[in-house]
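Open the model in a viewer and keep the selection tool at hand. The stops below say what to select next and what is there.

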Amino acid sequence: LYGPPPDERPALRADGVVPLAGPAAPSVVAAPPIGALGRLLVTDDAVPAIPATPITVAPRDPSALPSPLDVAVSEYQRALRLVSERDLDGALRAFAAFLSTHPAHAYADNALYWRAEVFYARHDWTAAVSELEALVARFPGGSKVPDALLRLGMCWERLGDSARARTYFDLLVREHPDSTAAHMASREDT
């Protein structure tokens, strides 16, 4: 029913496998060089290389993460759910309440970032810039800083200030070169 007629099918090898057309796959791909972990290695034919030995990632320290039973986490998740439900006014209010009540919480930088995303979705570039700059100033070592720098560059492009946009893209690539945001900035800035 499917495939070529039986007399045109390739012959089975001795091990019962039908050979496929194309180049033979390498049996082992070399492990990535030291220092390249965290970067996606790509072979000449643009296929990500699979390391011969597994890469281990150190587990996060559970004491550094907020407890899911934490009231603040529930408030943050509720605000994030409002974003996914496209209740942008409700999300802005919920994130503002979260930041007012829990200004030093582990998710405070995320709350600022998501407020900026809501403003960005509304094409309110100036308000988004304000939130993102507050995030970078308050949490310079935060996990959202690379994404905030990328979004700042994009906001300034939308506002027609490509020189300021380039400043943020350059800063992102210089200070967070291995981040996904930096790779996106290099595409955005071309």
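**Stop 1: the first helix**

Select Asp70, which caps the N-terminal end of helix α1: a side-chain oxygen lies 3.1 Å from the backbone nitrogen of Ala72. Such a polar contact is a pair of N or O atoms within 3.5 Å; within protein, one must be able to donate a hydrogen and the other to accept it, and residues adjacent in sequence count only if both atoms are side-chain atoms. This is a predicted model, in which local features need pLDDT of at least 70 and side-chain atom pairs count only at pLDDT 80 or more, while totals for chains, interfaces and linings use all residues. Residues are numbered from 1 along each chain as its sequence is written, and side-chain values use heavy atoms, with hydrogens and water left out.

Now select residues 71–84, helix α1. Helices here are DSSP runs (H or I, at least four residues), numbered from the N terminus. The end C-alpha atoms of α1 are 20 Å apart, which agrees with the 20 Å that its 14 residues should span at 1.5 Å a residue; the expected span is 1.5 Å times one less than the number of residues.

Show the side chains of Ala72, Val73, Tyr76, Ala79, Leu82 and Val83, the buried residues of α1. Buried means under 20% relative accessible area, exposed over 50%, and partly exposed in between (1.4 Å probe, protein chains only). The buried residues of α1 pack against α2 (88–101) and α3 (108–121), where contact means heavy atoms within 4.5 Å.

**Stop 2: two positive phi angles**

Move to Arg86, in the loop between α1 and α2. Its phi is near 65°, a positive value in a residue other than glycine. Most residues other than glycine have a negative phi. Arg86 counts as exposed because its relative accessibility is 57%.

Then select His123, in the loop between α3 and α4 (125–138). His123 also has a positive phi of about 65° although it is not a glycine. At 56% relative accessibility, His123 counts as exposed.

**Stop 3: the nonpolar core**

Select Phe95, Leu132, Leu150, Leu152, Cys155 and Leu172, which touch the most other members of the largest nonpolar core, a set of 42 residues. Helices α1, α2, α3, α4, α5 (145–158), α6 (162–175) and α7 (180–188) each supply at least two residues of this core. A nonpolar core is a set of buried Ala, Val, Leu, Ile, Met, Phe, Trp, Tyr and Cys residues joined through side-chain atoms within 4.5 Å.

Centre on Leu172. Leaving aside its neighbours within four places in sequence, Leu172 is in contact with residues including Pro146, Leu149, Leu150 and Ala185.

**Stop 4: salt bridges**

How many salt bridges does the structure hold? There are 6, each a side-chain nitrogen of Lys or Arg within 4 Å of a carboxyl oxygen of Asp or Glu.

Select Arg122 and Asp89, whose closest N and O atoms are 2.1 Å apart. Arg122 lies in the loop between α3 and α4 and Asp89 in helix α2, so the bridge ties together parts 33 residues apart in sequence. Arg122 is partly exposed at 38% relative accessible area, and Asp89 is partly exposed at 42%.

Next, select Arg115 and Glu131, a salt bridge with its closest N and O atoms 3.3 Å apart. The pair links helix α3, which holds Arg115, to helix α4, which holds Glu131, across 16 residues. Arg115 counts as buried at 14% relative accessibility, and Glu131 counts as buried at 12%.
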